[in-house]
Amino acid sequence: MPLARSLSVTSLSGLEEWDEEFDLEDAVLFEIAWEVANKVGGIYTVIQTKARLTAEEWGENYFLVGPYVESNVRTQVELIEPTNPALKSTIDKMNRSGCKVYFGRWLIEGSPYVILIDVGFTAWSLDRWKSELWENCAIGVPWFDREANDAVLFGFLTAWLLGEYAAQCEEPPHILAHFHEWLAGLGLVLCRQRQLPVATIFTTHATLLGRYLCAGNVDFYNNLAEFNVDKEAGDRQIYHRYCLERAAARCAHVFTTVSQITAIEAEHLLKRKPDIVTPNGLNVKKFSAMHEFQNLHAQSKNRIQEFIRGHFYGHLDFNLDKCLFLFIAGRYEFSNKGADIFLEALARLNYLLRVNHSDVTVIAFFIMPARTNNFNVETLKGQAVRKQLWDTAQTVKERFGKKLYESLLVGQLPDVSKMLDKEDFTIMKRAIFATQRQCQPPICTHNMLEDSSDPILNCIRRIGLFNSSADRVKIIFHPEFLSSTSPLLPMDYEEFVRGCHLGVFPSYYEPWGYTPAECTVMGIPSISTNLSGFGCFMEEHIADPSAYGIYILDRRYRGVDESCNQLTSFLFQFCKQSRRQRIIQRNRTERLSDLLDWRYLGRYYISARHMALAKAYPDAFSYEPHEPNSASGFRYPRPASVPPSPALSRHSSPHHSEAEDNDDEDERYDEDLEAEKDRMNIRQPVALPFKNKAYTVYGANGDGATTEKN
């Protein structure tokens, strides 16, 4: 399917150079989302990681608006008095009128101001506001949809806040309001319906209807133009939500999406082509470990190995030093996130490893929250047995050490046969007998509430991967988010990712994809698809993504079976890499971090904001976008040395050693030299064009020239 180009995705250097800086001193930015200081999904990560950059640009004139959730406020927000006189008057007047509005600083990097609205406190107005919504916009919201009811309350309160702020300002202000997702979109619709002096931006991170359609196993991307959107939304009982989302997209001065694949989707489902694509970035500095990231990988891998020792006690008949840890993580959407194709590929990989007599063992983790009632007893027992064995070994070691010490004190070489007495052997035999197991190691670490209907467990039953000794692929399903306080696997998500070898995210519906992006900045290779925003972004800007540890699975032009075979091939080739080759690949993956930095990708949000201000206030702001020419783009070329994949290796690259377990393989590889060669292929991020700061502008040939703005 051909991709229609939007302004920002032709190239990273495709945005126009601004001849004049926008004077933001008399402009105020309100960024509105349901996930401000309220972690629900990926939008929380977008706003949290971008906040520092936006606060640097807007200073005291930047305010985030979200719902008041007491449990979150206690741990994340410092409540203070507003410093802006107009805003203080606005909040005071709203509180006197029967609202509860709080002001404070969000305790994240950048410490942005937040305005938190208690939607539950104003629930008495819900029926009146629903009636007004029906009369003015012909959108009816059913009483039973609590989430939509919250969206109505939040939307009306947000519009009230913006209108009241405009009224409290002594001079006509230049207000810019950026709304994220349908839950916040009604506020935008009301701003336009009431003709408030507000420039508006609406960003959809994933269309509602697209998510529902893909979850229904339809051929989504090949039939985008054929869907009867009103009927499809009605059949799924989300027509009112769809209307709120579509109205926000149509009413906004500037409409944006997070990826090109979502831009195509929005054009067909929301009936408006996005004005600009704003890719999601990360605060790369948070993950930066410089030369330490390889050591962090080794440390975290050792902690995962400890968990494996307990989980597979009694069946630990494989070499942990030749284990590869793969994982998939995210919202539990079985087909949308690609868990179905991943499981099928694991079954085929298991067959390939067995028939090729491979000594590699693959352990695949599924980190997807589901409904459970507690930890699995057998899983907890495994960790207890592991700890007991460790304590036994320490006890015997101390007894052995004491006897050795006493023998040396009297000047005699110890008789090794007498160092361990009968009692020591008895202790060790009891410990060994305790490791005997009558059942297979568990698949799931928790007791599932809906075990018989769980999609992952049912698929595992179908493919027959039950962690048996004959299987070279083992599966562990961990149906809750990782936490350092867990008695089972006490690791944060970031630590866990660093300890794995490969992230596998073969999503069918993934507007962006933060999980592979986080893998990249931590130096962990990943598999993505050309139906995800991240995969399309990398495929567009890297000539050979696999050379940098970014494997792009084709799910657009291939059938499910073909895509599954391709994924199996990726996994099998990865299993054939030597330890040295994996180290080289991690180095290359980590070097792509700058490409995903908000310092680089934040310029698209800057462009969207400037575009909205110019549309809403043409007398005060001007903005003349132009289509970049084809020469302005760039793609990362292949690395100077050929990638370490066994299928692509040549004489100049590390070859596949016959002795993979030998850490001192005689392979000619100079890390500093290779890093310097790769660095020549990776463009450094551009400093954002803030006032009175130097920034670099790249020309079509990639040469940089530093410009000083006075």
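Visitor: Why is strand β2 (residues 62-67) called largely enclosed by the rest of the structure?

Guide: Buried means under 20% relative accessible area, exposed over 50%, and partly exposed in between, with a 1.4 Å probe and protein chains only. Six of the six residues of β2 are buried, so the strand counts as largely enclosed. Helices (H or I, at least four residues) and strands (E, at least two) are DSSP runs, numbered from the N terminus. This is a predicted model, in which local features need pLDDT of at least 70, side-chain atom pairs count only at pLDDT 80 or more, and totals for chains, interfaces and linings use all residues. Residues are numbered from 1 along each chain as its sequence is written, and side-chain values use heavy atoms, with hydrogens and water left out.

Visitor: What makes β1 (residues 27-32) and β2 a pair?

Guide: Two strands pair if DSSP finds at least two bridges between them. β1 and β2 have four bridges, in the parallel sense. I32 has V65 in β2 as its bridge partner.

Visitor: How do you know that β10 (residues 323-329) pairs with β15 (residues 502-504)?

Guide: Two bridges join these parallel strands, and at least two are required. F327 stands opposite G503 in β15.

Visitor: What makes β14 (473-478) and β17 (550-553) edge strands?

Guide: The open sheet has six strands with parallel pairing, in the order β14-β11-β10-β15-β16-β17. β14 and β17 each pair on one side only. Neighbouring strands of this sheet are turned by 25° against each other on average, direction ignored; axes are lines fitted to C-alpha atoms, for helices over the stretch in contact, and angles run from 0 to 180 degrees between N-to-C directions.

Visitor: Which strands does helix α13 (residues 339-355) touch as it packs on the sheet?

Guide: Contact means heavy atoms within 4.5 Å. Helix α13 touches β10, β11 (361-367), β14, β15 and β17, and its direction makes about 170° with that of β11.

Visitor: How much of the protein is buried?

Guide: Buried residues make up 57% of the 710 residues. The secondary structure comes to 24 helices and 19 strands. Of the contacts with a separation of 6 or more, 74% are between residues 24 or more positions apart.
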